[in-house]
Each structure stands twice: as structure tokens, then as C-alpha cells.
Amino acid sequence: MKLLFLACLSPKTGNCTTAERIRAHVESAGHTCVLRDASEFKSSAEVAKFVAQSPPFEGALAIHLYKAGRLLLDVPVPFGVVFGGTDINEDVKVEHKLVVMKQVLLKARFAVAFTAKMKQMACSPQQSASSKIYVQPQGVSTEATEKFSWSEFLKSSGVSGSHAEQHRVFLLVCGLRRVKDPLYLAEVFTEWHRQDPLNVLVIIGPEIDSALTEEVEAVAQRRTGVFLARGRSQRELHAAVRRCFAVVNSSVSEGMSAAILEAMHLEVPVVARDIPGNAAVVQHEVTGLLYSSPQEFVCQSQRLLSDGGLRERMVRRAKLYVEQQHSVERERETYHSLVQTLQ
């Protein structure tokens with residue numbers, strides 16, 4: 001089959017990584033899968049015209065019910081959708097978006113939710129859709145480059161000094177957009193850094209919202225203990241994660257954070273904001289730590305500093321959890337099966 005795959009493809013983001021991985025799954029079954037950024041199309045009519053080109057597409061896929069799924073409403077071929085996270089967590093609160101997403105879900109041949117909770121939330125406004133929604137957690141694999149200098153990374157991020165490598169780096173991995181709330185911990189981290197200068201927060205990720213990026217840059221320049229690193233390739237990012245003290249998540253909303261899962265796979269502790277998407281993969285005190293306020297973040301992070309046994313147990317259990325529940329092979333089998341339903 002020749003398939004069109006629409007997704008939000010901002011470089012070096014979790015969405016982009018997920019889309020590339022799913023495309024690889026589809027193509028490994030012998031299909032042709034053309035991945036395009038949803039932002040390239042202004043309407044579903046444009047996509048319908050694109051699908052009709054010679055040779056025509058025979059099916060379609062989309063990640064995110066609203067941003068990409070709505071563009072498939074007029075296509076004359078069967079399609080499937082993958083929930084993105086903000087569609088189910090945030091966009092359902094906007095009436096006109098909810099109406100469109102219901103139409104997408106009604107017309108889709110299948111839908112994929114990363115968690116059972118996400119499926120439950122998607123079904124609540126449309127119970128009839130339950131039978132077509134499949135739960136498939138994101139598959140996780142990591143590959144850290146060996147050609148990586150931790151000292152160069154710290155220096156380029158602004159973490160300097162003769163003892164820079166002694167710093168305990170809390171790495172906040174996220175695309176710079178509002179839903180990731182990258183400045184949520186900035187103030188409290190500065191206070192904590194003043195008490196213990198070895199603790200630093202490094203925010204790393206690609207620029208998506210230019211206005212927010214300017215805000216983050218200004219805060220990083222103004223506040224001690226808070227730094228902004230430029231986006232890196234996936235392999236470089238994994239190398240940085242492997243060297244940091246802990247990976248941090250401060251998002252307002254998550255579907256399923258690839259950064260959290262990759263940190264677990266790399267055997268690095270996770271300290272994540274207690275929201276449904278994070279709580280679905282981080283079991284508090286078992287596979288990571290959850291917090292509900294900036295002050296609680298500091299309290300939980302201090303436990304990592306003082307309790308080596310807790311850190312060791314969580315890292316070991318988190319690695320095992322990812323290997324058992326986020327198998328790339330199982331994910332591949334699921335998409336092979338689902339794509340067959342489009343034929």
C-alpha cells in the first residue's frame with residue numbers, strides 16, 4: 001500500500017521521533033509511507049487533492065486528532081489515527097475542536113492510544129468509538145553517541161568553572177512550547193542553587209514557540225542555577241541524559257513523554273510533574289518520583305541526593321518496566337496488524 005502519514009514534525013521533538021518510528025514500522029511490512037508535516041496543508045481539501053495524485057495513495061495515518069486528523073476528513077481513502085496527548089488532554093475542552101475530533105474518530109478505521117487512561121478519556125464523549133481504539137504504549141529504544149564531551153556540553157550551556165563537571169545536572173528535556181511549562185521550576189531552582197551551588201537546571205530542546213524561547217533565554221540569563229542548552233541530535237541528547245543526575249518533566253499536559261521513557265531506559269532517575277500522562281508511566285517511588293508543586297520538586301529531588309538505595313531501586317525497576325511494557329518489537333507488530341485493516 002501507498003500511505004500518507006501526517007504529523008507535527010518540528011525537528012528534535014518527541015512527536016517527530018514517534019512519527020519516524022511508526023513510519024519505519026509501516027515500511028518494514030513492505031508498504032510505502034510518505035511522512036509529511038501537517039502544517040504544510042491548510043485544509044482537508046488540499047490533502048484530498050494530494051492523495052489523488054498519480055499514483056494515488058491508498059490509505060492514510062495521522063498523529064493528533066485535531067492538528068492532523070482533521071485534515072483527513074475529506075480524503076477518499078481509509079485512515080487511522082494516533083492520539084497525540086494534547087488532543088485528548090487539552091483540545092477536548094474547546095467545543096469546536098471537540099466537534100471536529102468526534103468526526104475524525106467516527107470516520108477513522110482505527111485509533112491508537114498510548115495508555116488505557118487515554119483510551120478511557122477518548123471514549124467518554126463518544127462511547128461508540130471504544131471498539132476501534134487500541135492501546136499500544138510507545139516503543140522505546142536509545143542510542144547514545146560515543147563522540148560526546150560532557151564538559152563541552154556544560155560549557156556551551158553556560159555551566160562553567162573549574163569544577164563544572166561536579167555539578168548535579170537536572171536535565172529538563174522538552175520542546176520550547178507553553179504546554180511543556182519549561183519555566184515552572186525556574187524560581188525555586190534558583191533558591192535551591194543558592195543553598196547548594198552544585199545543583200543546576202539545564203533546559204534543553206528545540207525552539208517551537210519563539211516568544212516562549214525568548215522568555216526562557218531571558219530567565220536563564222537572569223537567574224543563577226538555570227541554563228538553556230541548544231537542541232541536540234537524538235544520539236547526542238541520549239548521551240547528555242546518560243551523564244546527567246536526573247531527568248525532569250514539568251509539563252502541564254503529556255500524552256506519553258518519550259523523554260521520560262528514554263531516561264528510564266538509560267537508567268537515569270526521573271522527577272516528573274504529577275499529571276495523568278506522567279503518572280501513567282512513572283509509579284511514585286517505584287520507577288521515579290512525582291511532584292505537584294515547585295517546592296515538592298525540591299523535596300523529592302533532595303531524596304535522590306540523600307537516599308542512594310532509593311535511587312538505585314527506582315533506576316533498576318524503571319529499566320525493567322520499559323523493557324517489559326515499551327517493546328519496540330511489540331509496537332511494530334501492532335502497527336503491522338492495524339495497517340492491514342486499511343486494505
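Strand 1 (residues 2-7) is mostly covered, with 6 of its 6 residues buried. Buried here means under 20% relative accessible area, with exposed over 50% and partly exposed in between (1.4 Å probe, protein chains only). Lys2, Leu4 and Leu6 point one way from strand 1, while Leu3, Phe5 and Ala7 point the other way; all are buried.

This is a predicted model, in which local features need pLDDT of at least 70, side-chain atom pairs count only at pLDDT 80 or more, and totals for chains, interfaces and linings use all residues. Residues are numbered from 1 along each chain as its sequence is written, and side-chain values use heavy atoms, with hydrogens and water left out.

An open sheet of 6 strands runs in the order 2-1-3-4-5-6, with parallel pairing. Strand 2 and strand 6 (133-135) stand at the edges; each has a single partner strand, so one side of each is left without a neighbour in the sheet. The twist averages 20° from one strand to the next. Strands (E, at least two residues) and helices (H or I, at least four) are DSSP runs numbered from the N terminus. Two strands pair if DSSP finds at least two bridges between them.

Strand 1 has strand 3 as a parallel partner. Leu4 has Ala60 of strand 3 as its bridge partner, and Phe5 stands opposite Leu61 in strand 3. Towards strand 2, Ala7 is bridged to Asp37.

Helix 1 (residues 14-28) lies across strand 1, strand 2, strand 3 and strand 4 (79-82), at about 165° to strand 2. Contact means heavy atoms within 4.5 Å. Axes are lines fitted to C-alpha atoms, for helices over the stretch in contact, and angles run from 0 to 180 degrees between N-to-C directions.

Another open sheet has 6 strands in the order 9-8-7-10-11-12, and its pairing is parallel. Its edges are strand 9 (226-229) and strand 12 (289-291), each with a single partner strand, so one side of each lacks a neighbour in the sheet. Here the twist averages 25° from one strand to the next.

| Strand pair | Sense | Bridges |
|---|---|---|
| Strand 1 (residues 2-7) and strand 2 (residues 32-37) | parallel | 6 bridges |
| Strand 1 and strand 3 (residues 59-63) | parallel | 4 bridges |
| Strand 7 (residues 168-173) and strand 8 (residues 199-204) | parallel | 6 bridges |

Arg168 has Asn199 of strand 8 as its bridge partner. Helix 7 (residues 186-195) packs on the sheet and touches strand 7, strand 8 and strand 9; its direction makes about 150° with that of strand 8. Helix 9 (residues 234-243) also packs on the sheet, touching strand 7, strand 8 and strand 10 (246-249), at about 140° to strand 7.

Val173 lies in strand 7. At 17% relative accessibility, Val173 counts as buried. Beyond its neighbours within four places in sequence, Val173 contacts Ile204, Leu237, Val241, Val248 and Ala259.

**A helix pair**

Helix 10 (residues 258-265) and helix 13 (residues 308-325) pack at about 115°, with their axes 7 Å apart. The two are therefore roughly perpendicular, a class covering 65 to 115 degrees; under 35 is roughly parallel, over 145 roughly antiparallel and the rest oblique. Leu261, Met264 and His265 of helix 10 meet Ala318, Lys319, Tyr321 and Val322 of helix 13.
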